Amino acid sequence: MQIDIWPGAVPDAAPTQQPESVVAAAGHGGWAQVNDVSNPTMTVYSPKGLNTGAAVIVFPGGGFRVLAIDLEGTEICDWLTSRGITCVLLKYRVPGGNDYWDEKCRCRIFPKIPLALQDAQRTIKLVRSKVTELNLNPRKIGVIGFSAGGYLVAQTSNIVASAYAPVDAVDKLSSRPDFAIALYPGHLCRAGALEPSIRVTKDTPPTFLLQAWDDPVDPICNSTLYARALNQAGVPAEVHLFAKGGRAFGLREKDHPLAAWPSLVENWLKETGVL
């Protein structure tokens, strides 16, 4: 079930350079790359077998330039639904030209209007508005994100002020997730310090972090700095740092020690009372 997350005009709509498209990308056995998303949607995947009442909203990665829609999206939903969890896959906006990388300074920058955060906040609120329809426990709505999606996990966990003007009654609901899972998050580590817009408090949800030490794109400080902030705020967290593994591995590294990460997440969800 695919749903437009905005009931009318998309707020702060940015023009795309090209129509939305899906192309085959190289690496990790090939993956589906979605380009130029201007109309964000969420797709609901119902649990297989027993419904635990938990829901997880998935934020794929892609550097806020593209979306790894299968590697870090539909394949994640296949795993979650097999565990009795409702999965909601967000296709957030990545309009052409809205890049987070500045070639002049060789650094990551952030646009003045956080389009992806708007879409993420709206989706969490929408899922909350559908707890009866989807047979969900309203206190068990979490998020999982990969790379850039991991940054969205940190944003939604800590930025509760709406990034857009309310459009309907749904926007009266909270956009803060009840639990959060970030795998190889990016954008959090800036010049050796935590990105200043991420202000962790005691209200930040319990968080699971996982990253490989040899990640060639997003250094390990993205996880360690965030973990330190969680600890200082008294937020319960579980952190796994693998010596090797690279990045963007999703569920495909079957013969590597980090292939155990789904089991680690499931055990954590049980310990925190989500499952």
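Modeller: A disulfide joins Cys-77 to Cys-87, with 2.0 Å from S to S; a disulfide here is a pair of cysteine sulfur atoms within 2.5 Å. That pair links distant parts of the chain, Cys-77 in helix H1 (residues 70-82) and Cys-87 in strand E7 (residues 86-91), 10 residues apart. Helices (H or I, at least four residues) and strands (E, at least two) are DSSP runs, numbered from the N terminus. This is a predicted model, so local features need pLDDT of at least 70, side-chain atom pairs count only at pLDDT 80 or more, and totals for chains, interfaces and linings use all residues. Residues are numbered from 1 along each chain as its sequence is written, and side-chain values use heavy atoms, leaving out hydrogens and water.

The Cys-77 and Cys-87 link is left-handed, at -55 degrees about the S-S bond. Cys-77 is buried at a relative accessible area of 1%, and Cys-87 is buried at 0%. Buried means under 20% relative accessible area, exposed over 50%, partly exposed in between (1.4 Å probe, protein chains only).

The structure holds two disulfides, and Cys-189 and Cys-221 form one of them, sulfurs 2.0 Å apart. This pair links distant parts of the chain too: Cys-189 is in strand E12 and Cys-221 in helix H4, 32 residues apart. Their link is left-handed, with -100 degrees about the S-S bond. Cys-189 counts as buried at 18%, and Cys-221 is buried at 18%.

As for H4, its buried residues include Cys-221, Leu-225 and Tyr-226. Gly-234 follows H4, with a positive phi near 75 degrees.
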